[in-house]
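Please read these notes with the model open beside you. Each point takes one place in the chain or one overall property.

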Amino acid sequence: MIKKNSMLFLGTISILLLSISVSSVYATNSMSGNTNGVTHATKICFGKPTPGSDWSNCDMRYMQLSNVNLSGINLSGANLQGMRLYNTNLSGANLSGANLQYANLNFVNLSNANLIGANLQHIDFYYANLSYANMQNVNFHGSRFPTSNFQGTNLVGANFSGTDTELCNFQNANLSKANFNQANMFGDDFSGADLTHASFVNGNFGGGGSMAGANLMGANVGGLNTAGADLSCTGNSICR
């Protein structure tokens, strides 16, 4: 009986040591097919990435990396679904084609990051810094952005329909062909933004919001609520 218990004890120790060894670095495991939006082979990644490192095509779903400096990291094509990245520095990071669906990005710094082709649906971006990022043609369906900073960001063709962008800073952003239909834009600042051919159908914009100096040529503003907004814009009938 003693020998049997000793063997069980040693077996448990071996498993624990193996677990520690794997989690302290990262392990790889090729997976083909579609994995929550990732359509290529991925690596199962553990541990803590470092700034400027290459963690592309990693499967990091539901990991927590809050308050971490990951500036310049390569996470292109990574599966980051449901991750908690609260107050994390991702400035200059490559997140092109990454899946960030349902992630917590509150207070995150994504300035100058590349997010082309990323899945950015159902995400919390409260107080996030997204300035000068490349977010062309991204779909923000179901996401929330109150007080986020999009200053100078490339948002050509971005889909904000039905989202909450209350009190956001879109100064000098490129929002040509962006979709804000039925979005809550209460108090947003679009000063100097390129809003050519954007759509604001039945959106809620006003309450101190500003489109001062913005170009709205060809924009669809049907049903847009502009009460209390600065409309000293150009190129559209609502401008004055």
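1. Start at serine 199. Its side chain makes a polar contact with the side chain of asparagine 181, at 2.6 Å. A polar contact is a pair of N or O atoms within 3.5 Å; within protein, one must be able to donate a hydrogen and the other to accept it, and residues adjacent in sequence count only if both atoms are side-chain atoms. Serine 199 is found in the segment after S2. Is serine 199 buried or exposed? Serine 199 counts as buried because its relative accessibility is 16%. Buried means under 20% relative accessible area, exposed means over 50%, and partly exposed lies in between (1.4 Å probe, protein chains only).

2. Some words on the source. This is a predicted model, in which local features need pLDDT of at least 70 and side-chain atom pairs count only at pLDDT 80 or more, while totals for chains, interfaces and linings use all residues. Residues are numbered from 1 along each chain as its sequence is written, and side-chain values use heavy atoms, with hydrogens and water left out.

3. Stay with serine 199 and look at its neighbours. Leaving out residues up to four places away in sequence, serine 199 touches Ala178, Asn179, Phe180, Asn181 and Asn220. Contact here means heavy atoms within 4.5 Å. Asparagine 179 is 20 residues from serine 199 in sequence. In space, the two are 4.9 Å apart, C-alpha to C-alpha.

4. Now the overall plan. The protein has one helix and two strands. Helices (H or I, at least four residues) and strands (E, at least two) are DSSP runs, numbered from the N terminus. In what pattern do they follow along the sequence? The pattern reads α-β-β. Of contacts between residues at least 6 apart in sequence, 4% join residues at least 24 apart.

5. Next, burial and surface. The protein has 240 residues, and buried ones make up 45% of them.

6. Check lysine 177. This residue lies in the segment after S2. Lysine 177 is exposed because its relative accessible area is 58%. Its contacts, not counting residues up to four places away in sequence, are Gly157, Thr196, His197 and Ala198. Alanine 198 is 21 residues away along the chain, yet the two C-alpha atoms are separated by 4.1 Å.

7. Look at the backbone too. Phi of lysine 177 is near 65 degrees, a positive value in a residue other than glycine. Asparagine 87 also has a positive phi, near 55 degrees. Most residues other than glycine have a negative phi. Asparagine 87 sits in the segment after S2. With 39% relative accessibility, asparagine 87 counts as partly exposed.

8. Move to strand S2. Aspartate 59 is found there. Aspartate 59 is buried because its relative accessible area is 7%. Its side chain makes a polar contact of 2.7 Å with the side chain of arginine 61.

9. Serine 96 comes next. Its place is in the segment after strand S2 (58-59). Which side chain does serine 96 join in a polar contact of 2.8 Å? The partner is asparagine 94. Leaving aside neighbours within four places in sequence, serine 96 is in contact with Ser76, Gly77, Asn114, Leu115 and Ile116.

10. Glycine 207 is also worth a look. This residue is found in the segment after S2. Glycine 207 counts as partly exposed because its relative accessibility is 40%. Outside the four places on either side in sequence, glycine 207 touches Phe186, Gly187, Ala227 and Gly228. The C-alpha atom of aspartate 188, 19 residues apart along the chain, is separated from that of glycine 207 by 8.7 Å.

11. The structure holds one cavity of 30 Å³ or more. A cavity is a set of points, on a 1 Å grid over the protein atoms alone, where a 1.4 Å probe fits but cannot get out; lining residues have an atom within 4 Å of a point. The lining of the largest cavity is Met60, Leu65, Leu70, Leu75, Leu80, Met83, Leu85 and Leu90.

Note on methods:
On a 1 Å grid over the protein atoms alone, a cavity is a set of points where a 1.4 Å probe fits but cannot get out, and a pocket is an open set with protein on both sides within 12 Å along at least five of seven lines; lining residues have an atom within 4 Å of a point. Grid points are joined across faces, edges and corners, and a volume is the space filled by probe spheres set on the points.
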